[in-house]
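User: I have a model open and want to go through some local details. Can we start with a loop and then move on to whatever it leads to?

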Amino acid sequence: MTTRKDLTVGEALRTQGISRRGFLKFCAATASMMALPPSSIPAIAAALEKARRPSVIWLSFQECTGCTESLTRSHAPSIEGLIFNVISLDYHHTLQAASGDAAEEARHTAMKENDGKYIVVVDGSIPVKDGGVYSTIAGMTNLEILKETVAGAAAVIAVGSCAAFGGLPAANPNPTGAVSVSELVKDKPVVNIPGCPPIPVVISGVIAHFLTFGLPELDNLGRPKAFYGTSIHDRCYRRPFYDKGLFAETFDDEGAKKGWCLYKLGCKGPTTYNACATMKWNNGTSFPIEAGHGCIGCSEPQFWDAGGFYKALAEPTGNFTTTAGVAVAAGAALGAASGLLNRNKQKQAGAEHETVTADNLEKEQTS
Amino acid sequence: MSHLTDIPVALENLPSTHNVTPLLNEVRHALQALLTTGEATQIDLRSIPLSDRDVAQIQDALGVGEVEIQINALGPSMIKETTFAGVWWVEHRNSSNELTGRYIEITPVPDIVPSAMSDIQDGLERLNRRVE
Ligand code: SF4
Ligand code: SF4
């Protein structure tokens, strides 16, 4: 007898009464999710047709549940949500109906039945100070659960900036000794999907990629290049204004109204690598910069201790001139240079740990 | 309020990204390729940084042609031929009517339109069961 678990993704979708057209639509959404060109749709269809439904164990540690929220809110009945119907989510602290011993039993069963093949998704950082006593589940520290669960996994996906880089729990002075997954897991592939929270389609996109073509290509911070390959700044629709040296100086001045660049209001777009500018939020409705607020750099390590959100990375010092050609060239050079400069500045701010108060924010906004 | 789409959104005078002309050029080259080699092209509009105004401008430039097809599979899809034969505007939505894909397809007819052999087979079996 074939149980639901033995079905391929294609079969699982067909048993839900989904037609070939529906399947093609699903594949198109998957290609888009994986940031692949539409010409890859036939290859995705062929791979998904054959792919086995993977067992997924989801562990939540020191986190705010924002990442799970990001995923489940925007997905309930959507096409991308089907990716979650076709995986076998065998354990998820927040979403599972089972509790107590039954829940832990489900985790152990999934681990035994799918040894070497299951995926572990982690959201939240892991406290290691004082023997990890600051966060425990079923009497085990997060550290113990992670080690035990990861032992038989094929790969680990660290969802959110906390799991990927430590996140807010690791903010200075890091009272619980919070660390990221990759600081603890050295013998398994770890894919980082940072963001506070990450874009939901990026989470499902990485799972889809794992199903179809295996692990995606990663950058030096363990992030999939397909989604974190370009900076917010390089894909920002306000970029033409940056290049011309046209900046909003306050949140309600003429420049702000005309949609000029938010660099001087603290936009971290030039040093932030994420897919917001093209994938956008709320199913493609908009993203922070489109709503008039600068990027706070939530997908970068240390964004929580990197100085004020409303402080400009560095004063743009380029000589913005009126002829378009020169302005563009100056802007491009400034973009590259300010990127470097800003990374240093971020590090420095992190080291000095500048405390930000609401008062400061007010001042920064108006100064 | 049950859906995102219920929130009234007013279009501000968003700036143009200057991506409209290059995009129309891409469509032109794709159309030429379709004529000479029969090769179809799909352009994923959501992979290019475009403001809402850009999208409206592209839509305006292409116009609405003779064919309109609505598909209901995992939510509605609208497939419209533009005033340029062989250039199709394709929008997929999920069951909450949220946009999941927006493409320009350069092809005699988009792949998703014709009935698939597997679905035809399935239909025949259902009909057989009913008539026998
Ligand atoms: S600084 Fe920010 S608002 Fe300005 S172009 Fe770059 S990403 Fe866009
Ligand atoms: S725009 Fe910047 S701060 Fe906002 S979600 Fe994207 S990466 Fe994070």
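Analyst: Thr83(B) sits in the loop that joins strand 3 (76-81) to strand 4 of chain B; helices (H or I, at least four residues) and strands (E, at least two) are DSSP runs, numbered from the N terminus. This is a predicted model, in which local features need pLDDT of at least 70, side-chain atom pairs count only at pLDDT 80 or more, and totals for chains, interfaces and linings use all residues. Residues are numbered from 1 along each chain as its sequence is written, chains are lettered from A and ligands numbered from 1 in the order in which they are written, and side-chain values use heavy atoms, with hydrogens and water left out.

User: What is Thr83(B) in contact with, leaving aside its neighbours within four places in sequence?

Analyst: Leu62(B), Gly63(B), Val64(B) and Gly65(B). Contact means heavy atoms within 4.5 Å. Thr83(B) and Ala61(B) are 22 residues apart along the chain, with 9.1 Å between their C-alpha atoms.

User: Which residue follows helix 2 of chain B?

Analyst: Gly63(B), with a positive phi near 70°.

User: And which residues of helix 2 of chain B are buried?

Analyst: Asp54(B), Val55(B), Ile58(B) and Leu62(B). Buried means under 20% relative accessible area, exposed over 50%, and partly exposed in between (1.4 Å probe, protein chains only).

User: What do they pack against?

Analyst: The buried residues of helix 2 pack against helix 1, strand 4 and strand 5 of chain B.

User: OK, helix 1 of chain B then. How many residues, and what reach?

Analyst: Helix 1 (residues 20-37) has 18 residues and spans 26 Å from first C-alpha to last, close to the 26 Å expected at 1.5 Å a residue. The expected span is 1.5 Å times one less than the number of residues. Buried in helix 1 of chain B are Val20(B), Leu23(B), Val27(B), Ala30(B) and Leu34(B).

User: Why do those line one face of the helix?

Analyst: Down the axis of helix 1 of chain B, the buried residues fall within an arc of 80°, so they line one face. In general, an α-helix has 3.6 residues a turn, so residues three or four places apart point the same way.

User: What covers them, and what is exposed on the other side?

Analyst: The cover includes strand 1 (41-44), helix 2 (52-62), strand 4 (87-93) and strand 5 (99-106) of chain B. Exposed on the other side of helix 1 are Thr21(B), Arg28(B), His29(B), Leu35(B), Thr36(B) and Thr37(B). Helix 1 of chain B is followed by Gly38(B), whose phi is positive, near 80°.

User: Switching to chain A. How many helices and strands?

Analyst: Chain A has 15 helices and 9 strands. Of its 367 residues, 55% are buried.

User: Which domains does the assignment give chain A?

Analyst: Domain 1 (53-227) and domain 2 (232-305), with bounds from an automatic or database domain assignment. Their centres, taken over C-alpha atoms, are 29 Å apart. In chain A, 23 residues of domain 1 are in contact with 15 residues of domain 2.

User: Last one: what surrounds ligand 2?

Analyst: Thr272(A), Asn274(A), Cys276(A), Trp281(A), Pro288(A), Cys295(A), Ile296(A), Gly297(A) and Cys298(A), where a residue is near a molecule or strand if one of its heavy atoms lies within 4 Å of it. The shell divides into 6 nonpolar, 3 polar and no charged residues. Ala, Val, Leu, Ile, Met, Phe, Trp, Tyr, Cys and Pro count as nonpolar, Asp, Glu, Lys and Arg as charged, and the others, Gly among them, as polar.

How values were computed:
Arc of directions from axis to C-beta.
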